[in-house]
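Here is a short briefing on one protein chain. Look at the sequence and the model, then read on.

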Amino acid sequence: MKRSSIACLVVLWVLPLFAITSYAQISKHSALTVQVPFEFVVGNQTFPAGIYKFQSLLNSVPSQASVDVLEVRSTVGRLYSAIVTDVVGSSEPSHPRLEFIRIDGRAFLSEVWEAGESAGCRLQIRHDKTQTAESEDNKVTLVASADWK
C-alpha cells in the first residue's frame, strides 16, 4: 500500500515535468512576423492585409519529412489557419520570407521560409487554380525586416 502511494506520487510529480518540457521545446521556436500589405489566400481562407505570425509547427527536416503544418495567425483580431504543407529544402540557411503567387488578381501564399532554416513550407494551390506563375510578374516575395530575431 505504501509503495503504491509513493509510486503514485512520483508519477503525479514527474508527469507535469514532461508537459512543461514539451511546451518549452515547442515554444522556443520563434514565429515569423510579417506585415502583409495586401489581401491574401491560405488554403481556402482569405486574410485581409495586416500583421501576421507564420510558424512551422513540426519543424520538419527536408531529408526526413515530406509534410509540415503551417500556422498563420493575425496579431490583432481572431484570424487563424493551420494548414498541411509540403517541406522544401535549401542548401543554405534561408532569409525569412513569404512568397505569393498572383492568380486572377488574388495573392495565394505559396512558400514560407523562417530565418536560418534549411527547410521551408510550400503550400498547395487549390486544384481549380492549377495555373502556376508563368512569369516573375505573378510572383510576390515579402522579406522580413532586418530586426528579426
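Is Arg-97 buried, partly exposed or exposed? Arg-97 counts as partly exposed, at 22% relative accessibility. Buried means under 20% relative accessible area, exposed means over 50%, and partly exposed lies in between (1.4 Å probe, protein chains only).

This is a predicted model: local features need pLDDT of at least 70, side-chain atom pairs count only at pLDDT 80 or more, and totals for chains, interfaces and linings use all residues. Residues are numbered from 1 along each chain as its sequence is written, and side-chain values use heavy atoms, with hydrogens and water left out.

**Overall layout**

- Helices (H or I, at least four residues) and strands (E, at least two) are DSSP runs, numbered from the N terminus.
- Along the sequence the pattern reads α-β-β-β-β-β-β-β-β-β-β.
- Of the 149 residues in the chain, 32% are buried.
- Take the contacts with a separation of 6 or more: 50% of them join residues 24 or more positions apart. Contact means heavy atoms within 4.5 Å.
- The accessible surface is about 9,900 Å², and carbon and sulfur atoms hold 56% of it. Such areas come from the Shrake-Rupley method with a 1.4 Å probe; for residues, only the protein chains shown count as cover.

**Nonpolar core**

- The largest nonpolar core has 20 residues. A nonpolar core is a set of buried Ala, Val, Leu, Ile, Met, Phe, Trp, Tyr and Cys residues joined through side-chain atoms within 4.5 Å.
- Residues with the most contacts inside this core include Val-36, Phe-40, Phe-54 and Leu-109.
- Several strands each supply at least two of the core residues, among them strand 1 (32-36), strand 5 (67-74) and strand 8 (106-113).
- In soluble globular proteins, nonpolar side chains tend to be buried together.

**Salt bridges**

- The count is three salt bridges. A salt bridge is a side-chain nitrogen of Lys or Arg within 4 Å of a carboxyl oxygen of Asp or Glu.
- Arg-97 pairs with Glu-99 (3.0 Å, N to O). Glu-99 is buried, at 8% relative accessibility.
- Glu-71 pairs with Arg-73 (2.9 Å, N to O). Glu-71 is buried at 12%, whereas Arg-73 is partly exposed at 38%.
- Glu-111 pairs with Arg-122, with the closest N and O atoms 2.8 Å apart. Glu-111 lies in strand 8 and Arg-122 in strand 9 (residues 119-122), so this pair ties together parts that are 11 residues apart in sequence.
- Glu-111 is buried at 10%, and Arg-122 is partly exposed at 38%.
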